[in-house]
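Please read them with the coordinates open.

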Amino acid sequence: MKILFINNDGGGFADHIDVAEGTTVQALFEQRLKSARPEDYLIRVNRQPVSPDQVLAEGDRVSFTPTKIEGA
Amino acid sequence: MAEFRLSQSLGRRRTTKSTDRTLLRAALKIGEVYERESMKVCPEPPEPSWREVHRVHRLWCQANKRRWNCERILVRGLRMRLDELRKAIDKFASNLVADSRDFLPTSKTIHADLVALCSEFAEIQVELREGHLSVITDPISLEGVKLGPFEIRLYWSRLLSGHAYDVHALEPNPAAANDSVSHPHVQDDSLCEGEGKVAIRAALQQGRLLDFFLLVRQILETYNPRSAYVQLSDWLGVTCSDCGTSSSEDESFGCGRCGCDLCGDCSRSCSSCGQASCSSCSSACTGCDADYCSSCISACRDCGEDYCTGCLTDRKCSSCLESEDDEDEKPQHVPEETTGETIAATAVHALRLGEAGIPA
């Protein structure tokens with residue numbers, strides 16, 4: 001199924017991707033941000049905070065935004 | 001005055017019908033801006049450069065057919081025009097902005113972002129006439145320094161320009177040494193985005209306003225000591241021991257004698273050794289009025305006033321030396337008779353060579 005995935009880390013990534021049916025938010029996080037810790041990110045599905053075990057649905061908008069972003 | 005202000009207490013409320021209507025109107029206006037930007041004139045393919053290549057090619061073919069001697073010149077000219085065509089094609093390709101069209105935001109998606117902002121921030125303000133949208137952060141405190149809440153104001157007429165938003169301290173606690181710095185990474189209401197720069201640009205270009213505001217907020221909540229306008233350790237400044245004003249560490253001096261902190265105005269440089277001193281550890285020479293540290297100044301042994309070594313002779317000031325000379329020149333009192341004895345008058349001027357003393 002297709003979801004809109006937004007990663008606001010670094011240069012930013014926003015695109016529609018394919019994920020397997022039944023993928024949870026946590027599973028997507030581990031796939032996409034392998035070495036990162038979820039507590040270091042604001043995780044939103046359809047613009048709302050969610051629990052890690054929430055199962056993603058077709059057309060969901062998922063965003064990961066780092067909590068620590070260093071200004072200059 | 002804000003046409004709409006939605007203040008949220010702790011826990012964040014849902015929007016009401018009237019607030020939702022205002023957010024919808026704002027979303028429509030913002031959507032129009034993105035729509036306008038997407039309809040800008042597309043870049044033209046490099047047709048003039050291609051026609052030029054054709055023209056020189058025709059000339060070359062003619063010269064070749066008629067066996068003219070200018071064939072070499074025409075080949076060179078054709079190569080030059082092919083180079084220009086290649087550059088024009090590259091420029092045309094780089095001007096294509098195909099990616100942004102994939103993320104052309106709609107009023108619906110923008111509205112959804114604005115509604116979500118009400119849950120993420122303490123307050124949201126919409127000024128439809130003036131064309132800006134603001135969110136208010138919770139009070140920000142970094143390493144114990146309270147900076148207060150900040151307003152992030154986005155101007156939707158400038159969404160895709162270089163400076164679309166301001167960051168304004170609402171209860172400013174600026175750096176002591178520079179009151180234009182309201183946050184380690186904010187000067188003159190302008191945020192230095194650092195690591196967030198590219199992501200912020202992408203969010204604004206793609207109309208992801210919720211992501212934009214979250215990114216700016218997270219930068220405000222993060223302290224990067226390696227690249228701050230003013231470091232938090234210097235935030236309260238260095239207080240001058242003499243006058244009490246605050247200045248930055250870079251602009252302050254230390255007294256070379258007692259080590260206390262001094263501002264640039266109160267720091268006195270010794271005219272002899274150059275050492276910086278505070279008012280307690282330095283004095284002005286009574287003679288030349290220049291400042292000296294306590295090592296380079298001494299007291300006249302007669303009058304006790306402070307003088308530099310240049311103004312002392314044999315540890316005496318010139319005034320005391322002059323007084324001493326005056327004392328030496330005065331004639332001394334000679335008694336006329338004494339009981340039972342004749343005493344020779346004490347000579348005022350000693351006998352000189354070749355002179356004989358004459359008894360009185």
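1. Two strands count as paired if DSSP finds at least two bridges between them. Helices (H or I, at least four residues) and strands (E, at least two) are DSSP runs, numbered from the N terminus. The model is predicted: local features need pLDDT of at least 70 and side-chain atom pairs count only at pLDDT 80 or more, while totals for chains, interfaces and linings use all residues. Residues are numbered from 1 along each chain as its sequence is written, and chains are lettered from A and ligands numbered from 1 in the order in which they are written.

2. Confidence. The scores are ipTM 0.96 and pTM 0.64. Two residues are in contact if their C-beta atoms, placed from the backbone, lie within 7 Å.

3. Chain A, overall. One helix and five strands make up the elements of chain A, in the sequence order β-β-α-β-β-β. Of its 72 residues, 26% count as buried; a residue is buried if 20 or more other C-beta atoms lie within 10 Å of its own, exposed if 12 or fewer, and partly exposed in between, with C-beta atoms placed from the backbone. Among contacts in chain A with a separation of 6 or more, 61% are between residues 24 or more positions apart.

4. Pairing of β1(A). Strand β1 (residues 2-7) of chain A runs antiparallel to strand β2 (residues 13-18) of chain A, and six bridges join them. In this pairing A:Lys2 stands opposite A:Asp18, and A:Leu4 has A:His16 as its bridge partner. Five residues lie between the two strands of the hairpin, where A:Gly10 takes a positive phi near 60 degrees. β1(A) is also joined to β5(A) by four bridges, this time in parallel, and A:Phe5 stands opposite A:Val62 there.

5. Interface. Which chain A element gives the most to the side that touches chain B? The contact takes 16 residues from chain A and 26 residues from chain B. Strand β5 (residues 61-66) of chain A gives the most to the chain A side, with three residues. By class, that side has six nonpolar, seven polar and three charged residues. Here Ala, Val, Leu, Ile, Met, Phe, Trp, Tyr, Cys and Pro count as nonpolar, Asp, Glu, Lys and Arg as charged, and the others, Gly among them, as polar.

6. Chain B. This chain has eight helices and 22 strands, and 27% of its 360 residues count as buried. Residues 24 or more positions apart make up 43% of its contacts with a separation of 6 or more. In helix α6 (residues 197-205) of chain B, the buried residues are B:Ala199, B:Ile200, B:Ala202, B:Ala203, B:Leu204 and B:Gln205. After α6(B) comes B:Gly207, with a positive phi near 70 degrees.
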